[in-house]
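Please look over the sequence and the structure shown here before reading on.

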Amino acid sequence: MSRKKTPKRKGASGPAASALHAADGSRPARPGTARPGPQARPNGPPQPGRPSLGGGDFYDVAFKVMLVGDSGVGKTCLLVRFKDGAFLAGTFISTVGIDFRNKVLDVDGMKVKLQIWDTAGQERFRSVTHAYYRDAHALLLLYDVTNKASFDNIQAWLTEIQDYAQHDVVLMLLGNKVDSAQERVVKREDGEKLAKEYGLPFMETSAKTGLNVDLAFTAVAKELKQRSMKVPSEPRFRLHDYVKREGRGASCCRP
Ligand SMILES: Nc1nc2c(ncn2[C@@H]2O[C@H](COP(=O)(O)OP(=O)(O)OP(=O)(O)O)[C@@H](O)[C@H]2O)c(=O)[nH]1
Ligand SMILES: [Mg+2]
């Protein structure tokens with residue numbers, strides 16, 4: 001990850017909510033009780049493949065990916081869209097603490113398992129989530145294009161990442177909810193500018209329509225897989241170039 005400058009801490013904020021919320025809607029997350037599963041290792045060498053304990057999904061390498069950003073930006077919805085291909089419409093139920101879902105991807109013939117941690121954006125859970133940054137191989141940092149404050153808080157999140165995550169963590173900036181064209185207050189160019197300033201790959205996404213959601217996770221999986229190979233057999237994967245080339249504009253996929 002390259003960052004041009006050290007951002008100033010502003011203090012992230014988000015709407016208050018209180019109900020329990022698990023990423024799959026079945027198991028509520030309890031703050032401080034979730035632990036990385038046996039298949040996720042701290043940042044460093046990925047674990048060699050084996051079947052997962054629960055689902056029997058075989059894989060060659062496993063990585064831990066964390067979703068971060070203000071409350072309400074759509075982290076849980078992004079994960080549910082990626083994992084289940086569905087959108088959680090209706091009442092917003094804020095995540096409590098942290099929870100995770102697994103998904104195995106086929107990346108150029110290799111089974112790459114992503115253990116994706118969905119964190120609570122609310123300030124009061126920050127100390128819980130801090131403990132998990134260190135183990136993350138990749139971070140997806142989200143803001144909501146219809147919420148200026150969530151965009152303004154990105155610098156604060158970057159400070160937090162700098163303080164708690166591994167220095168070589170794969171980091172990508174995502175502007176979510178681009179389906180809400182009428183409510184948009186953060187222009188695509190603003191996101192691009194900020195991403196450029198910090199040397200981050202950037203995409204706009206929609207958990208509602210699915211725009212660029214698979215692409216974001218696939219790009220991260222490709223980058224992690226390549227990094228994990230001692231002698232890369234393929235040409236160097238370039239995350240920035242990949243998301244620029246493959247990313248689709250918001251206008252192509254409105255419902
Ligand atoms: N239109 C639109 N709404 C979305 C999208 N993603 C999420 N939402 C809505 O935004 C609200 C918040 O989504 P969540 O995924 O729960 O937000 P979160 O970032 O997980 O919030 P915390 O768990 O509090 O950190 C919900 O009402 C979702 O239905 C999107 O891409 N488009
Ligand atoms: Mg959530």
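Predicted model: local features only at pLDDT ≥ 70, side-chain atom pairs only at ≥ 80, totals over all residues.

## The magnesium site

The magnesium ion, ligand 2, is coordinated by the OG1 atoms of Thr76 and Thr95, at 2.0 to 2.1 Å. These two threonines bring together distant parts of the chain, for threonine 76 belongs to helix H1 (residues 75-84), whereas threonine 95 lies in the loop between H1 and strand E3 (98-107), and the two are 19 residues apart.

Threonine 76 has a relative accessible area of 9%, and because this is under 20%, threonine 76 counts as buried. Threonine 95, with a relative accessible area of 6%, is buried by that cut-off as well.

## The surroundings of ligand 1

Ligand 1 sits in the largest pocket, and 24 residues surround this ligand, the closest being Ser71, Lys75, Ser94, Gly121 and Asp179. Helix H1 gives the most to the shell around ligand 1, contributing three residues.

Several contacts with oxygen atoms of ligand 1 can be described individually. A polar atom in the side chain of serine 94 lies 2.3 Å from an oxygen atom of the ligand, and an N or O atom in the side chain of lysine 177 is 2.9 Å from an oxygen atom of ligand 1. In leucine 88 it is a backbone N or O atom that takes part, at 3.0 Å from an oxygen atom of ligand 1. On its own, ligand 1 has 650 Å² of accessible area, of which the protein covers 91%.

## Two residues with positive phi

Most residues other than glycine have a negative phi. Aspartate 108, found in the loop between E3 and strand E4 (110-119), has instead a positive phi, near 50°.

Asparagine 212 also has a positive phi, in this case near 60°, and its place is in the loop between strand E7 (202-204) and helix H6 (213-228). Is asparagine 212 buried or exposed? With a relative accessibility of 5%, asparagine 212 counts as buried, because the value is under 20%.

## Arginine 188

Arginine 188 is found in helix H5, which spans residues 188-198. The relative accessible area of arginine 188 is 29%, so this residue is classed as partly exposed, a class that lies between the cut-offs of 20% and 50%.

Arginine 188 and glycine 72 are 116 residues apart along the chain, and their C-alpha atoms are separated by 19 Å in the model.

Definitions and conventions:
Residues numbered from 1 in each chain as written. Chains lettered and ligands numbered in written order. Heavy atoms only, no water. Donors = N, O, S within 2.8 Å, 3.2 Å for Na, K, Ca; no water. Helix = DSSP H or I, 4+ residues; strand = E, 2+ residues; numbered from the N terminus. Buried < 20%, exposed > 50% of the residue type's maximum accessible area, 1.4 Å probe, protein only. Near = heavy atom within 4 Å. Polar contact = N/O pair within 3.5 Å; in protein donor to acceptor, adjacent residues only side chain to side chain. Areas by Shrake-Rupley, 256 points an atom, 1.4 Å probe, with all protein chains shown as cover. 1 Å grid on protein atoms, 1.4 Å probe; cavity = no way out; pocket = protein on both sides within 12 Å on 5 of 7 lines; lining within 4 Å. Sits in = over half its atoms within 2 Å of the grid points.
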